[in-house]
Amino acid sequence: MIAPSLVIGASVGYLLVLFAVAAFGDARAARGRSLIGSSWIYALSLAVYCTAWTYFGSVGRAAASGVWFLPIYIGPTLAMLLGWIVVRKMIRIAQTYRITSIADFIASRYGKSPLLAALVTLITVIGIVPYIALQLKAVSAGYHLLTSGPDLVEGPQVGWWRDGVLFVSLALAAFTMMFGTRHLDSAERHEGMVAAVAFESVVKLVAFLAVGAFVTWGLFDGMGDIWARAQAFPELRGLLRLGGEEGATAFGFADWFALTVLAMLSVLLLPRQFQMMVVECVDERHLLRAAWVFPAYLLLINIFVLPIAIGGAVLFGPGRMDPETFVLSLPLAHGAPWLALFAYLGGLSAATGMLIVETVAIATMVCNDLVMPALLRRRGFGVRAQGDLTGLLLNIRRAAIVGVLILGYLYFRIAGDAYALVSIGLISFAAVAQFAPALLVGMYWRGGTRIGALGGLLGGFALWTYTLMLPSVAKCGWMPAGFVEYGPLGFGLLAPERLFGLVGLDSLTQSLFWSLLVNVTLYVGLSLWRRPDAREASQGLLFVEVFERAQPATGGAPVFWRGRARLEDLTALAARLLGPSRAKALFEEHARETGVGSVARLVPDARLVDRVERQIAGAVGSASARVMIASAVQEEPLAIDDVLEILEEASQLRGYARALEEKSTSLEQATAELRAANEQLKSLDHLKDDFVSSVTHELRTPLTSIRALSELMLDAPEMGAPERERFLRIVVSESERLSRLVNQVLDLARIESGHAEWRSAEVDMRALIESAVQTTSELFRERGAEVRLVLADDVPVIRADPDRLTQVMVNLLSNAAKFVPATCGRVDVALRRDGDGLVVEVRDNGPGVPPGDHERIFEKFRQGGDAQSRPSGTGLGLPISRQIIDHFGGRMWLEQGPDGDPCFAFRLPFATPGTP
Amino acid sequence: MSVKILIADDEANIVVTLEFMMKREGYEVLVARDGVEALATIRRERPRLVLLDGMMPGMTGFDVCAAVRADADIRDTRIVMLTAKGRETDLARGAGVGVDAYVTKPFSTRDLVAKVREMLG
Amino acid sequence: MRPRRASRGPSAQVLVALWGAGLVLFNFPMLIVFDRDVTVLGLPLLPVALFGNWALLIGALAWALERGPARRRGSEPPPSNPVPPAPPGAP
């Protein structure tokens, strides 16, 4: 046993920590460094699914019926398998159309029907209040167990004014108001709350695992030991077989399946799950991780359920102690009060997490879908009235939070003792499961209508009330129990738990079957009976095709609105519901996006009206927003033809957009091509300029000497004969240089422009080389250089232009002759076969060329050597030679021999393309 | 003592021509075959005037001119730029680095001699 | 689901297939297969099989979701994982 003051102190301390976490989360969000921008936080926040029910009820159920606690967790796993498909669509729809609650979602889908929104809200409140009571019951029972000891499970009834549970409820209400209704956000996001819930998910998991580990390895010697010792009890032996002692045929497969499906739907449809999974989702890609981390969390928190349940039964003796309290009573009874306290805090956190999120979600619905429509209908509160409504909205929500918690407390006080934890929870599950046809089918079937949804919900809810709610009320003793046993007025066929004589199912499965059957039948039947009106059809389209229609690239979703609006009315309405600053920001943003300079110049067209309506919908729900917009502007009634027309326009617009996109792509491509061509032209132009400039320079240089020397000789008749002769020699040699240059420039121009004449003849390369060496022998003799030939015999005759090849050889040889040293000059000429071609090498022992210049040497006017040693070359010989070799499909290069000697070489294929 | 003139050109025949002309005018002639050598000779011999070829390998005539103008000791050297590229951009470049006169190849011997005489006078 | 969006994110077919597998694994008549008087490492087969299949399904889902190309764009912080991936195990 633990002193009450300690338990209360620890609980208060825990709530303060929670408060700090939430405050930190909000502070971070305010500074723009969001804490919840992580898929891990998102996944943990989904674990709000695990409530006190998981904490205490699962163990109870496991001790009583073995694996039956599992469908409640396998169902969500199955739902999450489709999470990326279904939940992502819900998120996309909710974020596109600013939907902030499940009532809003359904109402918006069916033409923003206020009636539907109110109905969904009512069903939710009635269905969820017992669930809230269940949390309070768990907190209360745990408290009494910790403080009074395991023998006294039920706390003594005390007056409500002394009841700690009431104060817990009120404290939670304060907490929830603090973080759930801090400000009016059109996205209805509460970062601090999400951070707190994620934190709670960690606490409850760790606490439960700690208890599990304590039981399994502290009190027993592992899981196998628990099971081995359980064999001593006949009640436990058959616990982990289907159908217990009676064999698998006695197993309620239908009940099992129904429970799985129920859990699968609930994880999508419970208000708190919708709030966390859809409304608070900051990035739909977080689903990629959350969809598997959340089931993994569920698996982890369930791993020790069976060990605790069976271990507790073994230690206390089967049936001697309420198994729902094992999590607390086992550590308490075995000398670990601190662990028990920790486990209690875990359970408390499971309960508070659920209570906070559930009440925020329900408060939003009550405010937007019950209270606001009623207020709007009242005189004097008309939509044309003035005044900022944001404060009023927040106060309504605060009141709703307190109201929901008080309702839960009352239910707990009145009916809390009649039911086990699990049964209460399942009643709520079955209630929200009624939303499944309208919401889930409506997301994929455009044909669903408002009347169908209304009929389905009403029918399903009626059946739920009759087959599940009324019997539970009767079992509390408020109604004659005979009604459940024998049916109303003795009509056995109408007995609520055996409707129409359906036996063999448990009451939950039976109720689920009938209610969902009626629900789906009415939904589908009524939808098919009446065609949807224009607004239903347009909303259906926007929901079903949210991925296709609401693409920013195609201008967003089509806007189904016709009419006239005045900018002043819109701004006034937005300011009333969003607050002046947010309204101002909204219009400024719209002005910016549409490219209009200032807000005053905005045109109040359909798109602006739609935008304002969506923002208001975020604050008051889409149904109320619709009513307010409709009364603030002059609308034309929307006919089904208009919907089709608008769709047609939208798809045309989309077509235009696509065509425009294609056009601009091809235009861009053309521009790029033009730019490239221009660049190429420019560089060609530049090359030409360079060439002309170089030619000019090369022509002027010999001309300079010729002119100057001629002038000098003319002016100086007294010049001596030797001097005169020397000058004349220079004139002659420069003239030769000039004519050689002119020839080569012309030659190169002809080759490059393709106008050169090419002869084709049989060429014996050996003979050609020998003759070329013969031609240039005078040069070598002058330089005192030796020429050595190594010519292979096996080189076949090729077809080429012998004159051109001779030109190349002479070029290379005279080039070598220029560069050989004055003494011991040596030139090696080699011819050899190289695969399907021949290679000619001309190597000299002159100065080499730096490796970096091996290619540049083939550029025009790029002569090797320095100024002094540069012979009277034109700088065109090598480029011309290379062009010739290229023409015959070969290539020419310069390489550095192993001893550093330069070696010009070319390779010619035997089959040359230049030959016919 | 006669006036020193430096001839800087990488074309041997042009050097021969210019050398003959300048010697006949009575100047003392120095010869450099590239830009680096020209600059070194200017620093060492302090010629009054340089006939500078614009296109020499390594250091061009423009580089030499810029270096001369940047050096306080030899800044006053007169520079006649000889160039085979008579393009506008070259003229501008020459003016940019502080050339005193600009002569396009091929040149008239009389004009060149007259210009040199005038610049030294 | 939608060919245009299928390239971004996990394959819808794989997810639906896994869902079908889950429905079969956790229902009649598959459960009867695991309902034997046999123990695995001292533990009864039925819960071991339920938890084992569950863990396998989660593992497959994690694989299907996390390998997708949509991951790349995410501003994911490095995994500071308070919930480690579930080890296969059963009471």
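Predicted model: local features only at pLDDT ≥ 70, side-chain atom pairs only at ≥ 80, totals over all residues.
Of the 121 residues in chain B, 43% are buried. Reading from the N terminus, the elements of chain B go β-α-β-α-β-α-β-α-β-α. As for how the chain folds back on itself, take the contacts in chain B with a separation of 6 or more: 58% of them are accounted for by residues 24 or more positions apart.

The five strands of chain B come together in an open sheet, in the order β2-β1-β3-β4-β5, with parallel pairing. At the edges stand β2 (28–32) and β5 (101–104) of chain B; each has a single partner strand, so one side of each is left without a neighbour in the sheet. From one strand to the next, the twist averages 20 degrees. In general, strands of a sheet pair through backbone hydrogen bonds, and they can do it parallel or antiparallel. Within this sheet, strand β3 (residues 49–53) of chain B runs parallel to strand β4 (residues 78–83) of chain B, and five bridges join the two. For a spot to look at along that pair, B:D53 sits opposite B:L82 in β4(B).

As a rule, most residues other than glycine have a negative phi, and most peptide bonds are trans. In chain B, the bond joining B:K105 and B:P106 is a cis peptide bond, with omega about -10 degrees. B:P106 is found in the loop between β5 and α5 (109–120) of chain B. Then there is B:R46, which is not glycine but has a positive phi, near 50 degrees. B:R46 belongs to the loop between α2 (35–45) and β3 of chain B. It has 13 C-beta neighbours inside 10 Å, so B:R46 counts as partly exposed.

Chain A has a positive phi of its own to show: A:K112, again not a glycine, has phi near 55 degrees. This residue is in the loop between α6 and α7 of chain A. Because A:K112 has 26 C-beta neighbours inside 10 Å, it counts as buried.

The buried ones are A:S622, A:A623, A:S624, A:A625, A:R626, A:M628, A:I629 and A:A632. They pack against α6 (102–109), α7 (114–148), α17 (337–377), α26 (567–578) and α28 (606–620) of chain A.

In one pair, helix α21 (residues 450–475) and helix α23 (residues 507–529) of chain A have axes that come within 7 Å and cross at roughly 165 degrees. An angle over 145 degrees counts as roughly antiparallel, and that makes α21(A) roughly antiparallel to α23(A). Their crossing is right-handed. Sorted by class, the residues in the contact of α21(A) with α23(A) come out as 15 nonpolar, 12 polar and no charged.

The other pair is helix α32 (residues 765–775) and helix α34 (residues 802–819) of chain A, which pack at an angle of about 50 degrees with their axes 9 Å apart. α32(A) and α34(A) are therefore oblique to each other. The crossing of α32(A) and α34(A) is right-handed too. On the α32(A) side, the contact is made by A:L768, A:I769, A:A772, A:V773 and A:T775, and on the α34(A) side by A:P802, A:L805, A:T806, A:M809, A:V810 and A:L813. That contact has nine nonpolar, two polar and no charged residues.

Finally, there is the place where the two chains meet. Here, 18 residues of chain A are in contact with 20 residues of chain B. On the side of chain A that touches chain B, the elements giving two or more residues are α30 (640–715) and α31 (721–753) of chain A. α30(A) gives the most to this side, with 13 residues.

Conventions: Residues numbered from 1 in each chain as written. Chains lettered and ligands numbered in written order. Contact = placed C-beta atoms within 7 Å. Helix = DSSP H or I, 4+ residues; strand = E, 2+ residues; numbered from the N terminus. Pairing = 2+ DSSP bridges. Axes fitted to C-alpha atoms, helices over the stretch in contact; angles between N-to-C directions. Parallel < 35°, antiparallel > 145°, perpendicular 65-115°, else oblique. Left-handed = near helix turned anticlockwise from the far one by under 90°. Nonpolar A, V, L, I, M, F, W, Y, C, P; charged D, E, K, R; others polar. Buried ≥ 20, exposed ≤ 12 C-beta atoms within 10 Å, placed from the backbone.
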